[in-house]
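Biologist: I have a chain here and would like to go through it with you. Could you put it on the screen?

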Amino acid sequence: MPKTKKQDSGSDSDSGPDDRNKPASKKAKESPAPKSARQDSGGNDTTTWTLEGLRQVRINEFRGRKMVDIREFYEKGGETLPGKKGISLSVKQWKKLLEVAEEVTRAVEN
């Protein structure tokens, strides 16, 4: 009987690969994001400020909402593409950051 229990647990593990396929669909969701970023970077409508090297601040629109995107970019095939390192702030979060900016500056300088 223990052998059949192992087979039953084997059938449970069959559902495991189904779970493993789900992250693959997440990867598929991630792949369209660079395409939309290419479209944004290809257009002249995107306002960009360079902080240092390939670190940039951009105003993007995501799902109809404006976002302040502070991100490290990389070059591939002559295109500048967004990297994983960065943060997108909503307008409300951006305004809050500006409110505390002086305090942060004082803390950094001390």
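Modeller: Happy to! Let me begin with a term: a polar contact is a pair of N or O atoms within 3.5 Å; within protein, one must be able to donate a hydrogen and the other to accept it, and residues adjacent in sequence count only if both atoms are side-chain atoms. This is a predicted model, where local features need pLDDT of at least 70, side-chain atom pairs count only at pLDDT 80 or more, and totals for chains, interfaces and linings use all residues. Residues are numbered from 1 along each chain as its sequence is written, and side-chain values use heavy atoms, with hydrogens and water left out.

Biologist: Which residue joins its side chain to that of Gln56 in a polar contact of 3.0 Å?

Modeller: Gln56 is found in strand S2; strands (E, at least two residues) and helices (H or I, at least four) are DSSP runs, numbered from the N terminus. The polar contact of 3.0 Å joins the side chain of Gln56 to that of Arg58.

Biologist: Is Gln56 buried or exposed?

Modeller: Buried means under 20% relative accessible area, exposed over 50%, and partly exposed in between (1.4 Å probe, protein chains only). Not counting residues up to four places away in sequence, Gln56 touches several residues, including Trp49, Leu51, Ile70 and Phe73, where a contact means heavy atoms within 4.5 Å. With a relative accessible area of 9%, Gln56 is buried.

Biologist: How about confidence: which element has the lowest mean pLDDT?

Modeller: pLDDT is the predictor's confidence in each residue, from 0 to 100, and its mean over the chain is 74, with 59% of the residues at 70 or more. Over residues 24–44 the pLDDT is below 50, and this stretch has seven contacts in the model beyond near neighbours in sequence. Among the elements, helix H3 (residues 91–109) has the highest mean, 96, while the lowest, 38, belongs to helix H2 (residues 32–42).

Biologist: And how many contacts beyond four places in sequence does the model have for residues 6–16?

Modeller: pLDDT stays under 50 over that stretch. Where pLDDT is low, the predicted coordinates should not be read in detail.

Biologist: Which residue stands opposite Arg55 in S3?

Modeller: Arg55 is in S2, where it stands opposite Glu52. In S3, the residue opposite Arg55 is Glu72.

Biologist: Why does S1 lie largely in the open?

Modeller: S1 and S2 form a hairpin with two residues between them, and Gly53 in the turn has a positive phi of about 60 degrees. S1 has five residues and lies largely in the open because the number of them that are buried is zero.

Biologist: What is the phi of Arg63?

Modeller: Arg63 sits in the loop between S2 and S3, and is exposed, with a relative accessible area of 74%. Most residues other than glycine have a negative phi. Arg63 is not a glycine, yet its phi is positive, about 55 degrees.

Biologist: How far apart in space are Glu75 and Leu54?

Modeller: Glu75 lies in strand S3 and counts as exposed at 59% relative accessibility. Not counting residues up to four places away in sequence, Glu75 touches Leu54 and Thr80. Glu75 and Leu54 are 21 residues apart in sequence, and from C-alpha to C-alpha the spacing is 8.7 Å.

Definitions and conventions: Two strands pair if DSSP finds at least two bridges between them.
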